[in-house]
Protein chains: 2
Amino acid sequence: MKEVKGQFISINGERFYEIANYDAMQPFFISLASDTDLWMYLSSTGGLTCGRRSPGEALFPYYTDDKITEGYEFTGPRTIINDWIPFSDKQQPVYDISRKIAKSLVGNQIVFCEENHTLGLRFSYLWAPAGKHGWVRRATLENLTNQPVDIDLTDSLRNILPAGVDRKTQNEFSTLVDGYKRTEIVGNLGLFRMEAILVDRAEPSESLTCNTVYCLGLPNADYSKTESKGVRGAFIAHSLIHSFTHSLTWYNVLDVSQDAVAVHALLHFAQQPDAIEQIEAAMTQSTETLRRIVAQNDGVQQTGDEANDARHFANVLFNTMRGGYYLNYPPKTDTEDLPLTFGRRHGDPSRPWNLFSIRVQDENGKPVVAYQGNWRDIFQNWEALSYSYPLYINHIIAKFLNATTADGYNPYRISNEGIDYEVIEPENPWSNIGYWGDHQIIYLLKLLEISYKHNPEKLRSLLQARQYAFANVPYRLKTYAEIVADPKNSIRFDDEEHKRIQAGHPTPQPLTTMADKLLITLLTKLSNFIPNAGIWMNTLRPEWNDANNALVGYGASMVTLCYMRRYVAFLQMLVQTDVQIATETLDFLRAIRHAYLNGNIKQFTDIVGTAGENYRAKVYGGLSGERQTLELEELQEFCTATLHKIDESIRANKREDGLYEAYNLIRFTDHTIEISHLYPMLEGQVAVLSSGLLNGEESADLLDAMRASELYREDQRSYMLYPNRRRAAFLEMNNLPEEAKQLPVVQKYIGSILKQDCDGGIHFDAKYRNANELPDELKDLYESIFHHHAFTGRSGTFYKYEGLGCIYWHMVSKLLLAVGETIERDGNERLREQYFAIREGIGAHKSPAEYGAFPFDAYSHTPTMAGAQQPGMTGQVKEDIISRWFELGVSVRDGQITFHPTMLRDADFVNGELRFHYCGTEIIYRKSPITKNQSPMTLSREDSAHLFARDGVIKQLIIEV
Amino acid sequence: MKEVKGQFISINGERFYEIANYDAMQPFFISLASDTDLWMYLSSTGGLTCGRRSPGEALFPYYTDDKITEGYEFTGPRTIINDWIPFSDKQQPVYDISRKIAKSLVGNQIVFCEENHTLGLRFSYLWAPAGKHGWVRRATLENLTNQPVDIDLTDSLRNILPAGVDRKTQNEFSTLVDGYKRTEIVGNLGLFRMEAILVDRAEPSESLTCNTVYCLGLPNADYSKTESKGVRGAFIAHSLIHSFTHSLTWYNVLDVSQDAVAVHALLHFAQQPDAIEQIEAAMTQSTETLRRIVAQNDGVQQTGDEANDARHFANVLFNTMRGGYYLNYPPKTDTEDLPLTFGRRHGDPSRPWNLFSIRVQDENGKPVVAYQGNWRDIFQNWEALSYSYPLYINHIIAKFLNATTADGYNPYRISNEGIDYEVIEPENPWSNIGYWGDHQIIYLLKLLEISYKHNPEKLRSLLQARQYAFANVPYRLKTYAEIVADPKNSIRFDDEEHKRIQAGHPTPQPLTTMADKLLITLLTKLSNFIPNAGIWMNTLRPEWNDANNALVGYGASMVTLCYMRRYVAFLQMLVQTDVQIATETLDFLRAIRHAYLNGNIKQFTDIVGTAGENYRAKVYGGLSGERQTLELEELQEFCTATLHKIDESIRANKREDGLYEAYNLIRFTDHTIEISHLYPMLEGQVAVLSSGLLNGEESADLLDAMRASELYREDQRSYMLYPNRRRAAFLEMNNLPEEAKQLPVVQKYIGSILKQDCDGGIHFDAKYRNANELPDELKDLYESIFHHHAFTGRSGTFYKYEGLGCIYWHMVSKLLLAVGETIERDGNERLREQYFAIREGIGAHKSPAEYGAFPFDAYSHTPTMAGAQQPGMTGQVKEDIISRWFELGVSVRDGQITFHPTMLRDADFVNGELRFHYCGTEIIYRKSPITKNQSPMTLSREDSAHLFARDGVIKQLIIEV
């Protein structure tokens, strides 16, 4: 086997990471970025899809990653050089070849290279975006010998899609779509289109745009096949090169949806003598623009550790692709308006259920404000963005709070046009309603913490401002008794209100203060607090991660409780005066407070649950708008009491192995609530570490316990979401135990619901997928075999994504961040080492063979049977960006920036320097030859404000460390 | 290039058609049949999908044919013999190989064979169904030399689907499905399953069945990889064979959806010493059963022309797979009950919008009555079936008539459970409503003709029986004025009636007589008769073919008018007494008759249209149930007058080139109806030939004109649906003419709706797909460029199916049948030659290279850029079965069978004999040495009745010819 080897290299002045012998690795999937709406996903096999804006404007079919990976022999570029077919496993003379793949650190270019040692030839091609020109493929053939050679070259792009085929049609109807395809070659330009647009009605539907490909720079190029119909499109150039020496470079330029005007322009352009220069210039421009976008979001660092720099750049790039960047800064208004551009929903061929749409410009080429995402995703990316653009933090908080409902939850989706909630679609079996309640506390808190650090007075002043709205979502949580009786069916959809919302006349709700909002969010959670179990998850939607979706109804989240601990402590610190809140909120608070006087779990839960019900009854009836004063003393006392209750519960959830429970199962009985435990989960440990309950030494103990636990995966030096386990083999499943076989109930159902095999084994009929359809008298027997009470959700039944054996990298990076925060709070040497050990697992320094992909790119998860999966827009990047500020020793407190790098090591410096950008300003750490432990360097509030405002007054900071 | 060569061969006593060097052909697609619910579609590349019942129970992914074809390198069987990989284009030493493919004439087995001339080895494998065992792959390796050789063999089946993945999920979510996959190898048995069934709800969903594969007969087989998770399933056997000589055969047996009981049984079975014998026996049994099913439907013939015999067998096979065969015969009741089994809807990977489901047995293995199909499909297959089982013909007619609505049309779908009509689904843009009105007349007529031939008295007696129901379809055709004003929007959906139907309480309709039914069908068509134009198509759905769908509203069908000619003539002959019909029908008839007095097209159309409106008004209001006598004289006079009007119109539609118009375009103006013509269509010629209007010589002239016309495709020696034409190239489209550029209206919209290119050309903005969204002042200009008035539908915009340049074989076979009927009616030598010329084009005798597939299999169509497409269940098979009776000289008249073979040629006889089955009885034609032109041999009514009843009284007929 050839040795896989990774290294940083330069190509034409750009830095790349090159993997030699990548073909000895399992194929891996890659995302290329661009500065515009050009997107590309490709496999290391060479199979690819790319286009502009969305999968509906693709140049090669937008299939799932498995199909793209295996499609390389018939989709995408293919070059035949005499009888040598680089990057193919097709029949050809057996040559001694070696392959390399290299991706630019800016993230927008990739090079495939195959060297034919037998022939002394090297062929390579690069993919790069070139702005308005589209995607460029630059191919290079080199003669590595001194001997001239005659070359018969066929260069092609295969399976090029016509314009105007949406994703579903590409997928399901490709054979029909083929029948509509028309390819024309006009000179060196290929036009790919449908003869008509597929529509449902019997009316003409002209297809007046085409996807285009042209070729530049290929000598004696012959495009013999001028037209094809009813078959897949291909662009084929043929060239005979006599006595070829040195090297030859040529270009394909690809774009989508070109109309007649554009095609006429292309025909001229493709004949211009400087066309190649213009394309090269556009490629360079495209790279520079993308680098500038990332740079202004503080993604460019120059340290002694290029792997770290590259990873940080990629993290910022993907965070920006997700959350966007600001078109105006500093903010001119004091609203929730966020002038963000460049963002898009995540979704790639590894995740066929998520779809992206990139809108960066309007029809006239002007940048547009556009963002969209599930709120659980987008606020994360904005959190990381806010470290670099802190003056929008209160806008983001306003966006968050205005997207909170009066009954205390957040709707499904956030966009620049407002909020969006789910409705039941009778035809769509996957449609559902409900509130995801989990990240709500911690995401809001992290935003508040950023705001507080940068400007505590401002945040305190907003506490009293009556300017926050309630999101109107027509979900109606049922009464406490109803939810107890059927916690998987806890919400009524208010059709009437839904219609009013759609008609633009929702029931008006009074504005309220931030203080009120913050309390409602907390009290709502507390109204589902089951002591020693956690926060009862009864709003139909799962906590993180979705794969544990079956916990809904009978699960309780210790994770949320841990984050509430931090939230309450923050609130207690933040609020230093009496505050005006709604009468209803005050009543709610007092009702909750009342529960603390009671020791019994059931009674406690009944009281807080009823408090929630009473509060909701008022909310759903229409808030009165009445205000009352919550006196500081009462609030502080409430916080203290709450913290006490929470801490009791967290401590009660410490396991014997030193880990903490993350989620518990509950079962209501007449007089109590039974709590049972699940296996440990990484998320639970992260939450405890983040909660602030543990001191430095306790935290280090927990981290040691984690490394000794089944959560740890040795081969990746990192942590799974939960211990891997072997699921029963087919023959081990669905077997009645020997002792049950003679039961009368078994005998009764043999031959109907129960079936006996030729070995005497008895099995439930395979059509029963759970106990719901079984007669009651068989349910216990079924449960004894299938253990559905402990079913946590689909994560326990698959092997990708959040599944069995997988490392879900976002959660590992949350762990890293939590350890970093602990170090800031109560650091010790053990934690420092643990921090670096976790970071090593994350991958920037892993070999490609170990990581399974380019190690500088974040990927969503790593299953057991393959390398890193699903490139790019994982939530991990946000955590790692924030951790990076910690590593660089940049912190803000009370509006003042402090530089105090305690985590940096000698290797982080190059020639005694380390450069990075912070709020757009270049910061240079210069190693002081004198002292080893430099004291912190803190900027004045005024100087800090210049940085926060990015006003250019401070151009550079050089700090001796 | 290797020479492609086809021949009939025997393998183990079964006849096969073998294509040598098939790999020099374009890949083609094949359907394998079975006697059970086992189905398989495969490409000549070896890529395949197969399973039981439906695409949701597949063993390999059910993708469209293009993906199956190209998937052969990673899906399906793969054998590696030392370093030789048969059937692969993957990198391997360059061997001298040749390949063959052979399909059994029974249609259920296929053999792939590759011979390695370099190594002296031959490898082949066969696919065959084996009933309850599932699909069998039998692989054989032969050493063709005298030298023993050591073999390192790896034999695998790749990309095996787990049980429980529906078609959509396979297609769109394959990467997610992979994550759920679990493969276990238990001994020589592979189990392929999902770890859970994908469901929408957060509840456990146990996956308790698996797809299974086991291997038998491979010596020293090693199944080393016992488990895989989260990746595609594969079954891999490895074997080392020392000093291999002669040959070795081994088996894979594959099945779907096996539960625990079945798997236990399999584990035992796969260890039995005679397992291979049992499998072989089941394979043989499966072939015998299938042959028996086809034989009992008269599919087995033994003539001197094996190609014809094979094609006839395949035609009957596919006709039976579509329409089914009878479980009981002769019929025991006199209802519309049809005890059919074995039928299924068509649909295969070439047609992703049609889906099949095969239900031949219930859970206990008992044959079930089940059929389902669009009425336009299924009655055709029953028509062919009725030649062999004539005693159900009146049941089929009853089924047809009971599925006719009171307003005179047929609903969408017929099944053993009743009728089914389309409803508008707001979420589904492809949903639509309306009546297909075209085949109605001719299909019904052909059924009536069969009935009349076999038993005219019986049919006449049914005319007066008041036992026929009206199908209840809640479509309400609008008034005549409304339809004239907007003929593409002619039907209101009656929601109230729809609800009543769904609730099981439709508005009751009185039963009526067959005579009434036959008249209503005719009068409804006449109410849309536009003289010289045809039957106005205003019921929202296209005529045949669907691809001309844009004719709806402004098209008029001469095709239907031609068939009405034959229908009226038949009616006139059939009805010989006064008949009782509904009062409403009689009024309708008289109102129509009134129109004949008028010469002006517009007035005629107004009168018949208003007659239709008045009739419908009564129908929709509820039929009175009143009856009146239609006197014979009035009916006969009506028929004579109608024939006169129709004949005038047909003759007026003769073109200068001797062809006839098929469809015309109409445009209502204030005082007249403008008629414009389209290009000629094959269908129009078929209809004229079938109408009975032309005599033998006129028919022969028409056929000569057709061969000289653009309808003829030389390379296939056959006819396209309409002349091929070149669509404009991109640069030729959407250009404003030079003279229009200075128009004020053009100048007004330049830069908005009109765009100017750098060469000065002006184009409509590409977003306008038709004129609907344009301002009125631009519509004429748009029309002058795009000519949408003459848009006939999507067939003019694609290159497959009914598209440009395609031969649609069903229509060619309709032509053949029409010529055959003409010969029966008024034959001459020219027609006889023309008949054979058309038949030669159809394919049984074509070479595989010319045909593009196995020539004995019917395929739906042949485009210009590839061979025959879409194997099997085309309507063509029904026409060819009926034509075959004509060729054999079998006819029925007045209940008496006549054998008078005038079309047979010497080559049709073998050893002076020709054998076939008719109504299950073997008929032997024996060449008489004496006379050349034998006179017809006619059986008595009594003897004929024995054959029709299949009562076994007549075991064999030997007829000297």
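Analyst: We begin with accessibility: a residue is buried under 20% relative accessible area, exposed over 50%, and partly exposed in between, computed with a 1.4 Å probe on protein chains only. This is a predicted model, in which local features need pLDDT of at least 70 and side-chain atom pairs count only at pLDDT 80 or more, whereas totals for chains, interfaces and linings use all residues. Residues are numbered from 1 along each chain as its sequence is written, chains are lettered from A and ligands numbered from 1 in the order in which they are written, and side-chain values use heavy atoms, with hydrogens and water left out.

User: Why does R839(B) count as buried, and why does W809(B)?

Analyst: R839(B) has 11% relative accessibility and therefore falls in the buried class, while W809(B), at 0%, falls there too. R839(B) sits in helix α23 (residues 829-842) of chain B, and among the residues it touches beyond four places in sequence are N308(B), R884(B), E887(B) and R905(B).

User: What makes a group of residues a nonpolar core, and which members of the largest one touch the most others?

Analyst: A nonpolar core is a set of buried Ala, Val, Leu, Ile, Met, Phe, Trp, Tyr and Cys residues joined through side-chain atoms within 4.5 Å. The largest such set has 236 residues, and W127(B), F899(B), Y918(B) and Y925(B) touch the most other members. Its largest share, 11 residues, comes from helix α14 (residues 558-574) of chain B. Apart from this core lies another, of 235 residues, with F112(A), F244(A), L522(A) and C562(A) among them. F899(B) has contacts beyond four places in sequence that include F916(B), Y918(B), Y925(B), M937(B) and I959(B).

User: How do you know that the buried residues of α21(A) are on the same side of it?

Analyst: In helix α21 (residues 776-786) of chain A, the buried residues are L778(A), L781(A), Y782(A), I785(A) and F786(A). They cover an arc of only 120° around the axis, which puts them on the same side of α21(A); the arc is that of the directions from the helix axis to the C-beta atoms. The face turned away from that buried side carries the exposed residues D776(A) and D780(A), and what covers the buried residues includes α20 (744-749), β37 (754-756) and β38 (762-764) of chain A.

User: Why is one side of β21 and of β23 of chain A left without a neighbour in the sheet?

Analyst: Three strands form this open antiparallel sheet in the order β21-β22-β23 (chain A), where two strands pair if DSSP finds at least two bridges between them. β21 (372-374) and β23 (418-420) stand at the edges with a single partner strand each, so one side of each has no neighbour in the sheet. Three bridges join β21(A) to β22 (residues 413-415) of chain A in the antiparallel sense, a number that meets the pairing criterion, and G373(A) stands opposite I414(A) in β22(A).

User: How do you know that the copies meet through the same surface?

Analyst: 100% of the interface residues of chain B are also interface residues in chain A, so the copies meet through the same surface. Chain B is superposed on chain A by a rotation of 180° with 0.0 Å of shift along its axis (RMSD 0.0 Å), which is the relation of a two-fold axis. The superposition is by least squares on the C-alpha atoms of residues with pLDDT of at least 70 in both copies.

Technical notes. Helices (H or I, at least four residues) and strands (E, at least two) are DSSP runs, numbered from the N terminus. Contact means heavy atoms within 4.5 Å.
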